[in-house]
Amino acid sequence: MAQVAVPEAGKNSPARKIGRVQQFFSDDKRFLLVILLPVVLFFLIWNALPTMWMVGMSFREYSLTSATKIAHFIGLDNFVYLITSADTWSALSKTFLFVVGGVFFETVLGIMLGFLFWDSSKMPGRRFALTLLFSPMVLAPIAAGNYFRLMVNPNFGVINYLISLFNGGKAVELLTNASLAFPTCLCVDIWMWTPFMLMMTLAALGSVPKAELEAANIDRLGWWQKFTHIILPHGKYILMLGILLRTIDCFKTMDLVWTMTTGGPGNSTELLGIGLYRVAFQSLNLGRASAYALITLLIAIAFTSIFLFVLNRKNSAEEA
Amino acid sequence: MKKEKKKVGYYVLLWVVAVLFFLPVLWIILSAFKTKMEILAWPPKFFFVPTLDNFRDLFSRRIFITALTNSIVISLSAMVIAIMVSFLAAYAFSRLKPKLTGFMMFMLLSIRMVPGAATVVPMFMMYTALGWKSTHFGIIMFYAMFSVPFSVWILKGFLDGVSTKFDETALVNGAGHLNTMFRVILPQVKAGLVAAFIFNIIFVWNEFLFGFILGGNKVQTLPVALATETFTSSGMDWPYLASMSVINLVPLLILLFFFQKYLLVGMTFGTVRNEI
């Protein structure tokens with residue numbers, strides 16, 4: 001097959017080699033297989049393999065602290081333990097609260113600020129201002145968590161200093177108080193990710209045709225009517241994608257809260273990710289951790305399906 | 001005249017909002033130029049004489065230099081591998097449309113939707129068994145894998161936007177698959193490559209959990225050093241933490257400034273490509 005290379009190519013010349021390569025890829029199926037091979041390999045080695053490992057482990061008793069370290073089959077015991085454990089349900093409900101609270105405030109604030117920035121295209125130094133505005137998103141969560149811990153510290157934190165100015169000189173224990181630690185972490189998350197929803201709102205507003213807005217102005221529509229009749233129909237899918245992405249990310253939150261409170265005080269900020277980390281790397285019970293991970297995996301897949309469903313609706317709406 | 005004034009007020013308001021969000025970050029940056037006493041002062045010091053001592057100290061520490069080098073080498077290699085793999089895959093999904101395209105795209109996306117704490121357990125077991133723990137290869141390939149799903153999504157979005165007329169013209173002119181892919185189509189999706197790079201570098205550069213669990217003490221990246229090296233017997237080493245956070249943040253801020261318009265595309269995996 002290789003003999004019928006490009007005619008003008010001499011023996012062993014680079015052109016002849018290229019000719020061979022081209023010939024090899026002239027078959028559509030073969031070409032498809034070759035360019036898909038890397039991604040499939042990646043998927044098999046770094047995803048399918050560990051996931052199967054996880055599924056297998058979740059039915060076993062395997063702990064790094066046990067003397068024998070032999071993983072023996074215990075059926076559904078890990079799952080039964082987790083489902084009947086109050087810790088799991090507490091972590092689930094806290095994560096739920098964190099997601100609902102975080103996403104709600106980020107969305108409301110983000111949409112409000114997004115509307116504020118709607119007319120900003122001629123703003124002087126816009127690019128610089130937006131860089132400052134988006135900077136919380138690129139700050140390492142580890143750095144943010146550690147530094148917020150300092151900033152809300154009642155003895156030398158700047159935020160607590162500002163609170164004390166309005167509180168008759170008294171600082172407030174924020175992270176060491178079981179009822180305040182959770183809202184404090186939530187506020188930091190809201191600070192970090194409101195700019196994201198602002199960005200999505202700007203994108204959504206950008207997708208509204210100018211002509212329709214002008215028509216609405218001529219018809220003297222109120223802002224609420226403008227919002228529900230013109231902006232929402234065009235921008236709703238982008239906003240929904242933004243909300244879903246935040247939901248998924250919020251659900252995954254771990255390092256930020258871990259550095260601020262390590263799940264404490266007590267278990268008042270112990271989210272799903274932190275609970276899982278504890279079972280795996282503090283109790284070193286990898287069998288139970290695998291079962292825990294499998295449960296979170298299923299929840300995440302449910303979220304992803306919703307995300308894709310909305311995305312398909314968006315694409316078909318744009319084609320229509 | 002009155003309208004002008006209103007406009008100025010509006011812009012000032014926007015700047016105030018932007019600066020308000022930036023304030024905590026600014027506080028970290030300021031702390032990096034303070035002495036330890038000034039960082040922990042009560043009432044907090046808003047005005048002080050800046051010092052570069054923290055950075056001098058930082059750059060004299062071998063651990064930091066190693067972590068910085070590791071971060072740069074690991075994230076850049078991971079990006080190059082991920083973007084090459086993703087471009088090939090996205091091209092296949094966009095142009096050759098194999099049967100299971102939808103399903104494969106879903107599987108790819110679902111990987112990245114899973115909480116890190118869930119995947120880190122099996123990954124830890126697998127890496128220990130294969131002897132990849134604490135190796136550069138292991139970490140680079142892990143981060144590359146983590147960047148592949150979103151890069152494929154971003155690049156497929158861009159490739160779908162390139163008219164198939166280009167392919168047809170190339171085909172008519174006798175170009176093979178490889179020439180069409182690399183010489184005709186690739187130059188059209190440069191923006192997609194940048195978007196994929198920007199989004200994934202933000203994530204990989206700041207990633208802590210996997211770096212910590214899979215890299216251990218031997219292959220530390222900056223976020224891992226931030227979390228593990230800043231504890232001393234006498235509490236947190238705040239000047240060290242602040243100056244290292246700043247070094248970690250600055251490259252991303254520069255990227256954010258110069259490639260701002262790609263941020264939105266990246267953060268939505270190419271599903272939203274409007275201007276902001």
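**Exercises on a predicted two-chain model**

A:Ile295 lies in helix α13 (residues 286–319) of chain A, where helices are DSSP runs of H or I with at least four residues, numbered from the N terminus. This is a predicted model, in which local features need pLDDT of at least 70, side-chain atom pairs count only at pLDDT 80 or more, and totals for chains, interfaces and linings use all residues. Residues are numbered from 1 along each chain as its sequence is written, and chains are lettered from A in the order in which they are written.

**Exercise 1.** Decide whether A:Ile295 is buried or exposed.

*Solution.* A residue is buried if 20 or more other C-beta atoms, placed from the backbone, lie within 10 Å of its own, exposed if 12 or fewer, and partly exposed in between. A:Ile295 has 20 C-beta neighbours inside 10 Å and therefore counts as buried. The C-alpha atom of A:Ile295 is separated by 8.7 Å from that of A:Phe79, 216 residues apart along the chain.

**Exercise 2.** Classify the angle between α4(B) and α10(B).

*Solution.* The axes of helix α4 (residues 62–96) of chain B and helix α10 (residues 190–206) of chain B come within 10 Å and cross at roughly 140°. Axes are lines fitted to C-alpha atoms over the stretch in contact, with angles from 0 to 180 degrees between N-to-C directions. Angles under 35 degrees count as roughly parallel, over 145 as roughly antiparallel, 65 to 115 as roughly perpendicular and the rest as oblique. The two helices, α4(B) and α10(B), are therefore oblique to each other.

**Exercise 3.** State how many residues of chain A are in contact with chain B.

*Solution.* Contact requires C-beta atoms, placed from the backbone, within 7 Å. By this criterion, 83 residues of chain A are in contact with 73 residues of chain B. Helix α2 (residues 28–58) of chain A gives the most to the chain A side, with 16 residues.

How values were computed
Contact = placed C-beta atoms within 7 Å.
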